[in-house]
Number of protein chains: 2
Amino acid sequence: MTTGPIAGSHKQYIDADGLRVPQRRIELTNGDHLDVYDTSGPYTDPTADIDVERGLPPVRDSWHRPEPVAAGPETGPTRLASTQLSWARAGIITDEMRFVAAREGFDPEVVREEVAAGRAVIPANHRHPESEPMIIGKRFAVKVNANIGNSAVRSDISEEVEKMVWATRWGADTIMDLSTGKEIHLTREWIMRNSPVPVGTVPIYQALEKVNGDPTKLTWELYRDTVIEQAEQGVDYMTVHAGVLLRYVPLTARRVTGIVSRGGSIMAAWCLAHHEESFLYTHFGELCEIFAQYDITFSLGDGLRPGSIADANDEAQFSELRTLGELTSIAKSYGVQVMIEGPGHVPMHKIVENVRLEEELCEEAPFYTLGPLATDIAPAYDHITSAIGAAMIAQAGTAMLCYVTPKEHLGLPNRDDVKVGVITYKIAAHAADLAKAHPRAQERDNALSQARFEFRWTDQFNLALDPDTAREYHDETLPAEPAKTAHFCSMCGPKFCSMRISADVRTYAEENNLVTAEDIDRKIAEEMAAKSAEFADQGNRVYLPLEATATH
Amino acid sequence: MTTGPIAGSHKQYIDADGLRVPQRRIELTNGDHLDVYDTSGPYTDPTADIDVERGLPPVRDSWHRPEPVAAGPETGPTRLASTQLSWARAGIITDEMRFVAAREGFDPEVVREEVAAGRAVIPANHRHPESEPMIIGKRFAVKVNANIGNSAVRSDISEEVEKMVWATRWGADTIMDLSTGKEIHLTREWIMRNSPVPVGTVPIYQALEKVNGDPTKLTWELYRDTVIEQAEQGVDYMTVHAGVLLRYVPLTARRVTGIVSRGGSIMAAWCLAHHEESFLYTHFGELCEIFAQYDITFSLGDGLRPGSIADANDEAQFSELRTLGELTSIAKSYGVQVMIEGPGHVPMHKIVENVRLEEELCEEAPFYTLGPLATDIAPAYDHITSAIGAAMIAQAGTAMLCYVTPKEHLGLPNRDDVKVGVITYKIAAHAADLAKAHPRAQERDNALSQARFEFRWTDQFNLALDPDTAREYHDETLPAEPAKTAHFCSMCGPKFCSMRISADVRTYAEENNLVTAEDIDRKIAEEMAAKSAEFADQGNRVYLPLEATATH
């Protein structure tokens, strides 16, 4: 298991009225520091006693759990629920809400309001006390999910647990266990007991294993029992493809890539074979009752999402979305939290429409998208094709992004692929946070840019999303240790030169109170001669930029 | 030197009224083929006789060159020019225009109109007859530039020529030689004589070398002579930072990252030291005369572009842009083609403003941007941070994107970095082509998606921007040759299963003329029972998607 802090940082806990909220403190060489959001759990804390056999300590067991309340304002005392949604609607600020508020730098009341409105969810099954709660909603930092899971082809349990630890180390906010092979229950148990982040699943996968892969043999009862089995283990959110209705299936007939969602195709096969409406749809109320009992969050699956640019935003996709909107309303009447899954493959000019429609049809429930890939022509680079779409869809209001690795469409991701996928998606999420003006987002950009401009190489590495690779790339050209403190970069050679003009210019402007072009026009005639002499005294050094490889 | 075709394709020439226009033909296993734009020159043609010592054949020498015409409509017969812009304005369709029209699938008259309006440029120095002309303008496919060039620190001439060949192999539409070390003239000579794509330079770099790196020693005469030296060699476009005016320099004082453009900082240093206006600005007309003589295209440099998210869209940047607008108008009055360089580092919500302002101030001259990076926090992944910004700015109308490699800010790119940078930028450019509905863009997405859906693995690889890496990633999980023809993917295991439901559904919908949800509602009651039986006969197989690693 990978443990120990990320280079240049250490775990720091802040006290939020008795709750211990983790942060990662990046120490800077100029004596300053920057605290950043930390998804890595106890694994990066050298003082933590990690024992995979025992699992993480169940921290949330000692937190206060309020009494059940009315599921929603309209349901009254006949339907009670113990969910973040119901408590939020009842005006109760839970420990989970206080925890996520401290984590993100918001007032707990803002968190409660967003959860009460259904615009944010806190996926936290009562039976997953090992998790450090997090919030998914467009007002908060954009989150990233990483998929793991064994399959019939390869990988074992310890490998999956390590993948979970590895993905959260680099910033995965949730993980989904998509195991489809042998030992699904046991693999999940190990992951649940060791995961510091919420875990999502797609119960239909395990249900299908129970009927040896024949979807027509699926029944509501079998599915329900599988959901309860997973609920008992503590799964925090579940993908349910309840919007794949019988009448939508033929809408996929003229598509270039038909149905590409596994869950969607399973349910389509069932509907066609039985010429009946999906049991996920007809039994949705019963499912809500189960979810409410554990506070499992719905991730309403987009089983008919487009699998290619050609199929984006078509009638099949948007018909299902309308149904997901109906289901959202039903789930919330049971006090159950809901998020909505989205595509997939969408060209840039059709991305925003997805968000607007989701918000309109699904009461602004948090949107959770896979990419989308902005083009189909670059297998082996689909983390990049999809990061473009992901950044844009997150800017438009998507709350969580499901990562894509370089192996998408081609093979199973290895450890390096998982890391590249997570880092790529942290980039997309952070770019969106900047664009949405999340109160804490730009701090890190500014800190890194300042370090860059001041040639504090070590700080530049440590402030990066991936300090190890940044340092490695630098050292390929200039491996010696002095290169990390000297004021030059590999592109310009070892001359002390960089900040001269800018520092010079800065001093000049401050001394002369020059802010606008008009100020400058006024002053320039009288002052520039003196300045020129001063500049010449300092050696007339040219300012050499950091971007020389790409700069002209 | 890397030669030979890209996997699964071969060079194909189309005849455009006697001009031989290259394309790359991708052969498909279903007997079909797809022709795509080809930037690679003779290097991928096995019948070509490549001799780096001799250089490429000067194909354009045999093309028709029209007589000089009035530089522009307002200048009259007193100022003559032999440039694509002047000819276009005079209503003349040149061979270069016909060549690019055939290359992109446009009518030559459309090309002439766009060039005449200054909305597109064809960088083609009369002294670079080895080049295959290409067009840069928002109505055409978005182009990608790759920077190469030796430096004081490393790399030799043959390495630079190979980098050029390598970059164009993977799709670079132009290259810039940013050499700053020894043998600048000779390196450029080798690159020019062997480059099938237009070559850009930043003459101030070589001028600075001539004064041993002291910018205050620069003079107009020295700079002019350097420009003529490079013009004679055939440089197709030159970056000129003529918009860095004395009065703008103090506007950078309060920035987080000051001036990050090398050319910009050189000119800022000169202006401050001499307390004089930039000689590039005061002698701009003379420069235009030289450029007009060779038909060199201006790439008006953004010397004050932001070097960090914090500095984006500030007064320094936009003041310079206004000056570039004035210079654009002057250059065009000499018949000189112009494009405008843009940032750099810009958060997503500030990207579109850059394009709108550039178009407004610079008469819609083609915009040519570096990225922009949408966040500063991911050194070692800046090809990705910048591809996000690049795709968005191209969607908004940027005509050419300057690539960024994973080594940006950290070190010198190697061969692998150059390839990753080019492929990443081809993704951004193509995503924008899709979003702008370029007439040929979606063909390739559809062909690849169809191959994917039909499990034509080899076609999927060969249609990819990088067939080699796509195949390699596939083979990591399933190396055997049958896996490339069998109907399954590495995620789902070897069951013949994939297209069953979708093909089935397709047949059903076609037979019953079911297109809308209403059609389906009407038919579903009467037809579904029969359908169900038919489906059961076929084995009730579940449709297993290709996206299982990331799909739920």
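Reader: Where is A:Gly344 found?

Author: A:Gly344 sits in the loop of chain A that runs between strand S13 (338-342) and helix H12 (351-361). Please keep in mind that this is a predicted model.

Reader: What is the peptide bond from A:Pro343 to A:Gly344, cis or trans?

Author: That bond is cis, with an omega near -10°. In general, most peptide bonds are trans.

Reader: And what about B:Pro343 and B:Gly344?

Author: A cis peptide bond joins B:Pro343 to B:Gly344, and its omega is about -5°. In chain B, the loop that holds B:Gly344 lies between S13 and H12.

Reader: H12(B) comes next, then. Which of its residues are buried?

Author: Helix H12 of chain B covers residues 351-361, and its buried residues are B:Ile351, B:Asn354, B:Val355, B:Leu357, B:Glu358 and B:Glu359. They pack against four elements of chain B, namely helix H11 (315-333), strand S13 (338-342), strand S14 (367-370) and helix H13 (382-395). Just after H12(B), B:Glu363 has a positive phi of about 55°.

Reader: Is A:Glu364 buried or partly exposed?

Author: A:Glu364 is partly exposed, because its relative accessible area of 29% falls between the 20% and 50% cut-offs.

Reader: What about A:Asp295, buried or exposed?

Author: A:Asp295 counts as buried because its relative accessibility is 0%, which is under the 20% limit. This residue, also not a glycine, has a positive phi of about 60°. A:Asp295 lies in the loop of chain A between H10 and strand S12 (297-300).

Reader: Changing topic: how many cavities of 30 Å³ or more does the count give?

Author: The count comes to 17 cavities. The largest cavity has a volume of about 580 Å³. Among its 31 lining residues, A:Val36, A:Tyr37, A:Lys426, A:His430 and A:Arg444 are the closest to the centre.

Reader: Which elements of chain A supply at least two residues of that lining?

Author: They are strand S2 (19-27), strand S3 (33-37), helix H2 (95-104), helix H4 (157-169), helix H14 (415-435) and helix H15 (441-453). By class, the lining of the largest cavity holds 11 nonpolar, seven polar and 13 charged residues.

Reader: How do S2(A) and S3(A) pair?

Author: They pair in the antiparallel sense, over five bridges. A:Gln23 has A:Tyr37 of S3(A) as its bridge partner, and A:Tyr37 is one of the residues closest to the centre of the largest cavity. The two strands form a hairpin with five residues between them, and A:Gly31 in the turn has a positive phi of about 90°.

Reader: Turning to pockets, how much space lies in the largest one?

Author: About 900 Å³. This pocket is lined by 33 residues, and those closest to its centre are A:His383, A:Val420, A:Tyr473, B:Val420 and B:Tyr473. Helices H13, H14 and H17 of chain A and H13, H14 and H17 of chain B each supply at least two residues of the lining. By class, that lining divides into 13 nonpolar, six polar and 14 charged residues.

Reader: And the second largest pocket, which residues lie nearest its centre?

Author: B:Val36, B:Tyr37, B:Lys426, B:His430 and B:Arg444 do, out of 31 lining residues. About 610 Å³ of space lies in this second largest pocket. Its lining has 11 nonpolar, seven polar and 13 charged residues.

Reader: One more helix. Why does the span of H7(A) agree with expectation?

Author: Helix H7 of chain A has 14 residues, 220-233, so at 1.5 Å a residue it should span 20 Å, and its end C-alpha atoms are 20 Å apart. Its buried residues include A:Trp220, A:Tyr223 and A:Val227. The elements of chain A that the buried residues of H7(A) pack against include helix H5 (184-194), strand S11 (237-240) and helix H10 (284-294). Just after H7(A), A:Gly234 takes a positive phi of about 105°.

Reader: Finally, what share of chain A counts as buried?

Author: Of its 552 residues, 70% count as buried. The secondary structure of chain A comes to 19 helices and 15 strands.

Methods:
Residues numbered from 1 in each chain as written. Chains lettered and ligands numbered in written order. Predicted model: local features only at pLDDT ≥ 70, side-chain atom pairs only at ≥ 80, totals over all residues. Heavy atoms only, no water. 1 Å grid on protein atoms, 1.4 Å probe; cavity = no way out; pocket = protein on both sides within 12 Å on 5 of 7 lines; lining within 4 Å. Points joined across faces, edges and corners; volume = space filled by probe spheres on them. Nonpolar A, V, L, I, M, F, W, Y, C, P; charged D, E, K, R; others polar. Buried < 20%, exposed > 50% of the residue type's maximum accessible area, 1.4 Å probe, protein only. Contact = heavy atoms within 4.5 Å. Pairing = 2+ DSSP bridges. Expected span 1.5 Å × (residues − 1).
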